[in-house]
Each structure stands twice: as structure tokens, then as C-alpha cells.
Amino acid sequence: MGGGEQRRRPPTIHDVAREAGVSRGTVSRFLNGGHNVSPAAADAVRAAIRRTGYVVNRHARSLITGRSGSVAFLLTEPQEKLFEDPNFNVLLRGCTQALAAHDTPLLLMIAGTPAERRRVMRYVTAGHVDGVLLVSSHTGDPVAEQLLGAGIPVVASGKPIGRQGRTARLAHVAADDRDGAREMVRHLLSTGRRRIATVAGPLDTPGGVERLAGWRETLTEAGLPAGDDLVAHGDYSRSSGERATAELLARTPDLDAVFVASDLMARGALAALERAGRRVPQDVAVGGFDDSPAAVSGLPELTTIRQPWDRISSEMVRVLLALIGGEEPSAVVLPTELVVRESA
């Protein structure tokens with residue numbers, strides 16, 4: 001090296017402590033969660049890290065703490081769902097951003113088949129991640145039970161249904177599906193509609209159960225029909241919404257509104273109504289659910305129920321990090337919001 005210049009060594013935790021004017025132990029506690037570190041000391045350490053350019057050695061830290069420093073986003077659906085359903089991408093992006101604020105990497109894992117579930121469980125239980133954000137778990141899906149049985153911190157997206165055994169204490173974050181459905185049906189009633197059908201989601205998912213219940217309760221309270229002849233089921237895909245709406249039109253041709261349990265299915269419903277020569281909203285009003293990108297991806301733009309995806313993401317991350325830190329499981333239910341556009 002020219003001029004006798006020596007290569008500059010990377011800054012260490014000792015350098016950070018000296019720069020911040022605190023002990024090495026204080027810096028270590030700050031880096032491992034900030035427990036028993038005063039706000040003033042934390043600010044001093046943060047400033048010292050910026051000035052020195054210190055970078056955490058994750059491998060060394062994992063040897064000391066027994067933690068990997070990373071979290072898994074586990075989708076228990078077929079792989080194509082990740083690309084078809086815009087909700088998953090919105091949730092994934094939100095969780096990634098929320099974890100970035102904690103300098104924690106997120107691993108995307110998909111377990112839509114028994115073989116994929118076995119591989120994921122081997123990886124997770126080997127300690128490669130500290131916790132799991134579990135997305136779209138159907139009733140009877142064994143993943144949640146297996147994760148809890150292995151002592152892995154886990155937070156589910158959506159309110160678990162039919163909980164029993166270990167999953168009775170499954171931490172989760174959900175939008176208020178039932179109240180959102182009630183608000184949509186009340187809106188449809190306010191436009192003068194009286195023959196309101198629904199395309200419900202699968203009954204082994206929380207959205208399928210709760211949104212159907214909200215539709216039925218609101219119509220019953222209004223003294224209007226809410227029988228099974230006004231119900232068809234989809235699987236949250238566009239094609240299933242189109243098929244279910246065609247089924248409803250054949251069964252109840254006098255319907256004047258449809259509440260559809262997801263925006264993607266509602267796009268399919270619009271296609272079926274157009275094919276049948278029904279104008280939206282003049283002949284049939286259509287309401288969706290999610291306020292996903294599908295709501296504004298075509299004309300007419302959908303009147304829908306907005307799920308607070310940013311808050312769902314940040315709360316899932318907050319609850320999971322609390323679990324990893326030793327806190328008890330908790331449940332968070334967030335309010336939804338009616339968004340009125342052209343379809344109703």
C-alpha cells in the first residue's frame with residue numbers, strides 16, 4: 001500500500017461504545033432489542049453507529065443470541081395465487097417495509113402442496129428464521145398447528161375460524177370482515193336495491209364466513225330475502241366470480257345488486273353481467289371487498305370495502321416481533337372503510 005498507508009479496519013462495537021460515551025454492554029443491549037437502554041443512551045448509540053459506519057455482523061450475533069435475525073412470509077396457497085391475487089403482493093410489500101425499519105430481512109416461502117409444507121417445516125424448525133408471518137391459512141391447513149407445536153412464533157393474517165387445540169391461541173391480525181360486509185350491504189340498500197345477492201368466498205376461510213354472515217344479517221334486519229338461492233360461492237379468483245354470477249343470474253334473474261366478497265371476483269362478476277346484457281350500475285349494482293388494485297383496473301371502477309393493508313402489515317410485524325421477544329400472543333382487529341366509485 002502506497003505511502004505506508006494501512007488498510008482501515010472496519011469499525012467494531014468497541015468503537016461505537018467509545019464514540020457514544022457508553023459501555024460496550026449498553027451497545028450490545030441496544031443491538032439486541034434495546035431492553036434496559038435509556039432513550040438518551042439509545043439516541044447516542046444510533047448517532048455513533050451513523051458516524052462510525054458500524055455494520056452489524058449478523059452471523060456473530062446469531063451465534064450469541066441463538067436467533068437468525070430474519071422472518072418468513074409463508075403463503076399456504078398454490079404458487080400461482082401469489083401472482084393472480086393482488087392482495088398477497090400488497091401484504092408482502094407492506095411486511096417487507098415494516099421489517100426494514102427493524103433491519104430484519106424477510107424470506108418469502110410458499111407451501112401450497114404437502115411436499116412444499118414438509119420442506120418449509122424442515123427449514124423453519126432448523127432455526128433459519130425467528131418467526132413466521134402466516135398468510136391465507138384455510139381451516140384444516142396443518143401448518144399453523146405444526147408451527148405452534150414446534151414452538152415457532154407465528155402470526156396469522158385473518159381471523160382463524162374453527163380454532164381448537166394449539167391454534168386456539170394463534171396470534172392474528174385481521175380486518176373486520178363482518179362489519180365491512182354490513183356496511184357494503186347498507187350502502188346497496190341506500191341506493192334503493194332490494195334483491196341483493198352475494199358471491200361469497202370459500203367457507204373454509206375467515207373472509208368467506210364473516211362476509212357472508214354480514215350480508216345475511218343486514219338483509220335479515222331489513223326484512224329482505226337472504227336465502228341460499230341468493231348465494232353463490234367462488235374461490236377469490238376472477239374466473240370463479242364470473243361463474244358464480246352467471247349461476248346467480250340463471251337462478252334469480254330479478255336480482256338488482258351483488259355484493260362480491262373480493263375485488264378480483266367482482267371483476268369476474270362484471271364480465272358475467274356484461275355478457276348477460278345487464279348494465280352496471282343501472283340494472284345491477286356491484287360492490288366488492290378489499291380495495292385492491294383490481295378495484296381500479298378497469299371500468300367501471302369498483303365501489304368496495306377498503307382493508308387497511310398498511311396497518312395490517314405493520315401490526316402483523318409488531319405482534320410477531322413481540323412474540324419473538326417473549327410476549328404473549330395477541331389478536332388485532334382493524335376497521336374497514338367504504339369506498340364509493342362507479343359500480344354502485
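**Exercise 1.** Which residue in β4 does Val135 stand opposite?

Solution. The model under study is a predicted one. Begin with the two strands: β3 covers residues 132–135, and β4 covers residues 154–157. These strands pair in the parallel sense, over four bridges. Within β4, the residue opposite Val135 is Ser157.

**Exercise 2.** Determine how β4 is joined to β5, and which way the side chains of β4 point.

Solution. Strand β5 comprises residues 171–175 and runs parallel to β4, with three bridges joining them.

**Exercise 3.** Is Thr205 buried or exposed? Describe its surroundings as well.

Solution. First, locate Thr205: it is found in the loop between β6 and α10. Next, consider its relative accessible area, which is 7%. Because buried means under 20%, Thr205 is classed as buried. A polar atom of the Thr205 side chain lies 2.7 Å from the backbone oxygen of Pro202. Finally, compare sequence with space: Thr205 and Gly158 are separated by 47 residues in sequence, and their C-alpha atoms are 8.6 Å apart.

**Exercise 4.** Which side chain of opposite charge is nearest to Arg267, and how far away is it?

Solution. Arg267 belongs to helix α12, residues 263–275. The nearest side chain of opposite charge is that of Glu301, at 6.8 Å. A salt bridge requires a distance within 4 Å; Arg267 is buried and has none. A polar atom of the Arg267 side chain does, however, lie 2.9 Å from the backbone oxygen of Ala294. Beyond four places in sequence, the contacts of Arg267 include Arg238, Val296, Gly298 and Leu302.

**Exercise 5.** Which residues of the largest nonpolar core touch the most other members?

Solution. This core has 40 residues, and those touching the most other members are Leu188, Ile196, Trp215, Phe259, Val260 and Val286. Among the elements that each supply at least two of its residues are α9, β6, α10 and α12. Apart from this core lies another, of 28 residues, including Leu75, Phe88, Trp309 and Leu334. In soluble globular proteins, nonpolar side chains tend to be buried together.

Definitions and conventions: Residues are numbered from 1 along each chain as its sequence is written. This is a predicted model: local features need pLDDT of at least 70, side-chain atom pairs count only at pLDDT 80 or more; totals for chains, interfaces and linings use all residues. Side-chain values use heavy atoms; hydrogens and water are left out. Buried means under 20% relative accessible area, exposed over 50%, partly exposed in between (1.4 Å probe, protein chains only). Lys and Arg count as positive and Asp and Glu as negative; His and the chain ends are not counted. A polar contact is a pair of N or O atoms within 3.5 Å; within protein, one must be able to donate a hydrogen and the other to accept it, and residues adjacent in sequence count only if both atoms are side-chain atoms. Contact means heavy atoms within 4.5 Å. A nonpolar core is a set of buried Ala, Val, Leu, Ile, Met, Phe, Trp, Tyr and Cys residues joined through side-chain atoms within 4.5 Å. Two strands pair if DSSP finds at least two bridges between them.
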